[in-house]
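Here is a short briefing for a reader who is new to this structure. Please look over the sequence and the model before reading on.

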Amino acid sequence: MNLAVGLLPRGLTARNGAALSGSAAPSRCPGLLHGPGTVSERPEPDVCVIQVEADHGPDQTAYEAGDVLLVVEVVSPDSEERDRKRKPQLYAEAGIAHFWRIENQTGRPTVYVYGLDPATTSYALTGIYHDRLKLSVPFEVDIDLTEVDAL
């Protein structure tokens, strides 16, 4: 499976990406093209993982929801309501199977991992990770969350 990761760092207008599986990555993480809500409600995740074939160049402003494998929101004080409630609702209604929410708890990241229940089109919590994020779905990942201390 060829995947691409797009990152939207807080406070930056330019976006950059990193590739998985040796594939070219998109240079941005635009909003969802087809999903619920109006264009003004189109959510732009902090991190999104897409099928590499979904990237059509630098002028692309959105992805088809079906091409998005994972969306990640990093919660900050000014985005709590939106990142915890509205955006997950929009992602679930669009059919995006995997959603991660990252919160700062006492200076360390805590990752809340959710999977989509297709019968209810809502997310169910599948795990909470404090020191290490190790998953095999939607792809293999092993991240030492305590490394934030080394930064």
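A residue counts as buried under 20% relative accessible area, as exposed over 50%, and as partly exposed in between, with a 1.4 Å probe and protein chains only. The model is predicted, so local features need pLDDT of at least 70 and side-chain atom pairs count only at pLDDT 80 or more, while totals for chains, interfaces and linings use all residues. Residues are numbered from 1 along each chain as its sequence is written, and side-chain values use heavy atoms, with hydrogens and water left out.

**Overall fold**
- Read from the N terminus, the order of elements is β-β-β-β-β-β-α-β-β-β-β-β.
- Among contacts (heavy atoms within 4.5 Å) with a separation of 6 or more, 48% join residues 24 or more positions apart.

**Burial and surface**
- The protein chain has 151 residues, and 42% of them count as buried.

**Loop residues**
- Threonine 106, in the loop between β7 (98-105) and β8 (108-117), has a positive phi of about 50° although it is not a glycine.
- With 84% relative accessibility, threonine 106 is exposed.
- Threonine 121 sits in the loop between β8 and β9 (122-129); this non-glycine residue also has a positive phi, of about 45°.
- Threonine 121 is partly exposed, at 41% relative accessible area.
- Proline 138 belongs to the loop between β10 (132-135) and β11 (141-144), and the peptide bond from valine 137 to proline 138 is cis, with omega near 10°.

Technical notes: Helix = DSSP H or I, 4+ residues; strand = E, 2+ residues; numbered from the N terminus.
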